[in-house]
Amino acid sequence: MRASMLELAGVSLIAACVSAPAIGGGVQQDRPIQIPRDRVLNVDMRVASVGPFTSAGAAPTTGLVWRADVPARPEMGAPRAVRVQVRLTGSLRDGTWTIRIKDGDGNETERFAPGDPAVVAGELWTDEVPGAVAVVELWAAAADRLPVLRIEQLAYTVIPSTPQAISGPDQRIPINLAPVRIRRLGPPVARLRFMLAGQGQATCTGFLVGRRLLLTNQHCITSAELASAVADFGYDDASRAPVRIRAEALIASSASLDYSLLLLAREPGPAYGRLYVGSSPLSDEGHPLVIVQHPGGRPKQVSIADCRAAGVRRLGLAPGDFSDFGHLCDTLGGSSGSPVLDWNGGRVVGLHHLGFREGSPEPVNQAVHLARVLDDIKRQDAGGTVYAEVVAQPR
């Protein structure tokens, strides 16, 4: 009936040990919690050095002008998939060239062109390429300037260890076993994958609050991870291939409220819809809730049983700021960024972002009041159009 000790998983959350009575029920620590991001992220791909492979000296002709077959090394085992880091210099915004990513059988998995956000960033990570080898090709349609490509790192899949600190039975269930009205809330929720410098690929959860607007935690995605971030929609069971969409821009973000609002490169489509937000902070102790999530990077699950508010006024990340509420919904690492929904109306009332500290006398998870996030988005949105789309209600 409780949840994991940590949201991106791995080690216990650092939090204050001194407690005092909370306003609104429950026990409240008297100092703000902390999220040691470099220690807590759950990594399901490890990074290793390869090559280097470089396109320097490739002739500016037409057609295929350079190719690199980048294999996993024997000590990496037989990975299910790999991602390759490509550093780019030179002409990144102009030209007729393309970078094509293929698997070892020659099937194209991804393509990049001049001006693409990941290209302009000068350092792109390919998406996952099935198998143990990724092929990177540089093509030109005319004899013009070409970028220089350099490959020195490869990420390969591993089986992540996701420690749990469940108090009572773990009652998460697959999305397809949830009541119909809860299943209808699932399509806008996506698994997020992103690369961490020197570590590998980590996972979180995010959800649509507009046609291309995806909300998640700031401790998941900052500007440093933006170019490698991919949202997987429709990952409801392991047999389904998800719809993969890259993040394009960071629209708004706050470290103290632990949120990032992303603009996706394209719309997932009408089948995925969006979630609608509540207009006021959660105020009822014991209020019934539901969380739709991708725990541990797994197919979509929901927490329903015993999922309720537990202390509606809790300290968050900023000193003296009661930005959070507690909840007893079951989660795991990778659930960070999940929507906390009102059970009765299905509106988003919170942004789940952390779990209880191992050994805590009160094992309660926390979410940021979504009303606080909305206020901050409004403050950062000078034109008002993004905020208007996020807070829009169904017709």
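Student: By class, how many nonpolar, polar and charged residues does the lining of the largest pocket have?

Tutor: Some conventions come first: this is a predicted model, in which local features need pLDDT of at least 70 and side-chain atom pairs count only at pLDDT 80 or more, while totals for chains, interfaces and linings use all residues. Residues are numbered from 1 along each chain as its sequence is written, and side-chain values use heavy atoms, with hydrogens and water left out. The general idea is that rolling a probe the size of a water molecule over the atoms shows where empty space is left. A pocket is, on a 1 Å grid over the protein atoms alone, an open set of points where a 1.4 Å probe fits, with protein on both sides within 12 Å along at least five of seven lines, and its lining residues have an atom within 4 Å of a point. For the classes, Ala, Val, Leu, Ile, Met, Phe, Trp, Tyr, Cys and Pro count as nonpolar, Asp, Glu, Lys and Arg as charged, and the others, Gly among them, as polar. In the case you ask about, the lining has nine nonpolar, five polar and eight charged residues.

Student: Which residues lie nearest the centre of the largest pocket, and what is its volume?

Tutor: Of the 22 lining residues, Asp-44, Arg-80, Arg-191, Tyr-235 and Gly-297 lie nearest the centre. The volume is about 430 Å³, where a volume is the space filled by probe spheres set on the points, and grid points are joined across faces, edges and corners.

Student: What can be said of the second largest pocket and its volume?

Tutor: Its volume is about 350 Å³, and among the 19 residues that line the second largest pocket, Glu-110, Phe-112, Arg-246, Ala-247 and Ala-265 are the closest to its centre. By class, this lining divides into 10 nonpolar, one polar and eight charged residues. Helices (H or I, at least four residues) and strands (E, at least two) are DSSP runs numbered from the N terminus, and at least two lining residues each come from strand S7 (108-112), helix H2 (117-120) and strand S17 (243-254). The largest share, five residues, is supplied by S17.

Student: How many helices and strands does the chain have, and what share of its residues is buried?

Tutor: The chain has five helices and 24 strands. Buried means under 20% relative accessible area, exposed over 50%, and partly exposed in between (1.4 Å probe, protein chains only); by that criterion, 54% of the 395 residues are buried. In helix H4 (residues 370-380), the buried residues are Leu-370, Ala-371, Val-373, Leu-374, Asp-376 and Ile-377. Their cover includes S17, strand S23 (348-354) and helix H5 (385-391).

Student: Where does Ala-140 lie, and which residues does it touch?

Tutor: Ala-140 belongs to strand S10 (residues 133-140) and is buried, at a relative accessible area of 6%. Contact means heavy atoms within 4.5 Å, and, not counting residues up to four places away in sequence, Ala-140 touches Thr-61, Thr-62, Gly-63, Val-65, Thr-96, Trp-97 and Leu-146.

Student: Which backbone angles deserve a second look?

Tutor: Most residues other than glycine have a negative phi, and most peptide bonds are trans. Here a cis peptide bond, with omega about 10°, joins Gly-51 and Pro-52, and Pro-52 is found in strand S3 (residues 43-54). Asp-258 has a positive phi of about 55°, in the loop between S17 and S18, and counts as buried at 1% relative accessibility. Asp-306 also has a positive phi, near 60°, but is partly exposed, with a relative accessible area of 35%.

Student: Where does the pLDDT stay under 50?

Tutor: pLDDT is the predictor's confidence in each residue, from 0 to 100, and the chain averages 85, with 85% of the residues scoring at least 70. The value stays under 50 over residues 1-28, for which the model has 124 contacts beyond four places in sequence. Over residues 163-167 the pLDDT is also below 50, and that stretch has 14 contacts in the model beyond near neighbours in sequence.
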